[in-house]
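Let's take a walk through this structure together. Have a look at the sequence and the 3D view first, and then we'll go through a few spots one by one.

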Amino acid sequence: MRRDRLTLVILLLAGLVIGGFIGEWLGTNPTFAFLNYGKTFGLTQPMVLDLNVLQLTFGFTVKFNLASIIGIILAFIIYRRL
């Protein structure tokens, strides 16, 4: 059961990354520009924790576009067929 969840998470992340890459790549073409439409979530400015001896910087940003959503859906379909 745990292996199935790990496989699902890996497939979903792969679908997200590959879909995002395809959206960025095809988004430069005016015909497929809609695939690059999306939203960015996260910290726009990194948070800095300065402890005088140690300085930590926290930052996290996720960019979703239409192609990455399609990639996630395709990855889920592939998972269900395995």
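The largest pocket holds about 180 Å³ of space. A pocket here is an open set of points on a 1 Å grid over the protein atoms alone, where a 1.4 Å probe fits and protein lies on both sides within 12 Å along at least five of seven lines. Points are joined across faces, edges and corners, and the volume is the space filled by probe spheres set on them. Thirteen residues make up the lining, meaning they have an atom within 4 Å of a point. Closest to the pocket's centre are Gly15, Ile18, Gly19, Gly71 and Leu74.

Bear in mind that this is a predicted model: local features need pLDDT of at least 70, side-chain atom pairs count only at pLDDT 80 or more, and totals for chains, interfaces and linings use all residues. Residues are numbered from 1 along each chain as its sequence is written, and side-chain values use heavy atoms, with hydrogens and water left out.

Where does the lining of the largest pocket come from? Helix 1 (2–26) and helix 2 (66–81) each give at least two residues to it. Helices (H or I, at least four residues) and strands (E, at least two) are DSSP runs, numbered from the N terminus. By type, the lining has 10 nonpolar residues, three polar and no charged. In that count Ala, Val, Leu, Ile, Met, Phe, Trp, Tyr, Cys and Pro are nonpolar, Asp, Glu, Lys and Arg are charged, and the others, Gly among them, are polar.

Now for the strands. Strand 2 (residues 47–50) runs antiparallel to strand 3 (residues 55–58), and the two pair over four bridges; pairing takes at least two bridges found by DSSP. Leu49 has Leu56 as its bridge partner, and Asp50 has Gln55. Asn52 counts as exposed because its relative accessibility is 74%; exposed means over 50%, buried under 20% and partly exposed in between (1.4 Å probe, protein chains only).

Last stop: charges. Side chains of opposite charge can pair when their charged atoms come close. The whole structure has one salt bridge, that is, a side-chain nitrogen of Lys or Arg within 4 Å of a carboxyl oxygen of Asp or Glu. Lys63 forms it with Glu24, with the closest N and O atoms 2.8 Å apart. Lys63 lies in strand 4 (residues 61–65) and Glu24 in helix 1, so the pair ties together parts 39 residues apart in sequence. Lys63 is partly exposed at 44%, and Glu24 is partly exposed at 37%.
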